[in-house]
Amino acid sequence: MQKLDLKNMALTERIKFLTAMIEDRLILQAFKKFYAEEVIMHENQNKCIEGKDNCRKRQEEFVLGLIDYKNTAISNVIICEDKSAVVWDIDFTHETYGHQSLQVKVIQHWNSDGEIISEEYFTNEN
């Protein structure tokens, strides 16, 4: 895995590397590389998950339950200062959730070390 200097990398480049890892199905590796210890994640109206260990557990539960990961495509990216918004079109089959074809809007806030400190997901079916 390539060593990246996130702190000195432009946000556009960080987004490029992060999304490429996700598209390559390296979701847990991307989480390890790009997320801060104090990260907070929030999906739709669900309770926030705080801290990298807790968020990683949630990511692992999702990834380990994947049966088929058919498609990931980015339809839009917006970057403004230390925030980014990425719109994903995702198609997968999961042992718990079944087949899902979703559009996921992700809003990320990045710290001065180049790591994600908060991430909010808005999901709706395509």
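Predicted model: local features only at pLDDT ≥ 70, side-chain atom pairs only at ≥ 80, totals over all residues.
## The largest pocket

By class, 20 of the lining residues are nonpolar. Another eight are polar, and four are charged.

## What builds the lining

Both helices and strands contribute to the lining of the largest pocket. On the helix side, H1, H2 and H3 (52–64) each supply at least two residues. Strand E5 gives the largest share, with five residues.

## Arg25, between two helices

Arg25 sits in the loop that runs between helix H1 (11–23) and helix H2 (27–34). Its phi is positive, at about 70 degrees, although Arg25 is not a glycine.

Arg25 has a relative accessibility of 37%. Buried residues fall under 20% and exposed ones lie over 50%. Arg25 therefore counts as partly exposed.

## Glu81, between two strands

Glu81 is found in the loop between strand E3 (66–80) and strand E4 (83–94). Glu81 is another residue other than glycine with a positive phi, here near 55 degrees.

The relative accessibility of Glu81 is 74%. The exposed class begins over 50%, so Glu81 counts as exposed.

Definitions and conventions:
Residues numbered from 1 in each chain as written. Heavy atoms only, no water. Helix = DSSP H or I, 4+ residues; strand = E, 2+ residues; numbered from the N terminus. Buried < 20%, exposed > 50% of the residue type's maximum accessible area, 1.4 Å probe, protein only. Nonpolar A, V, L, I, M, F, W, Y, C, P; charged D, E, K, R; others polar.
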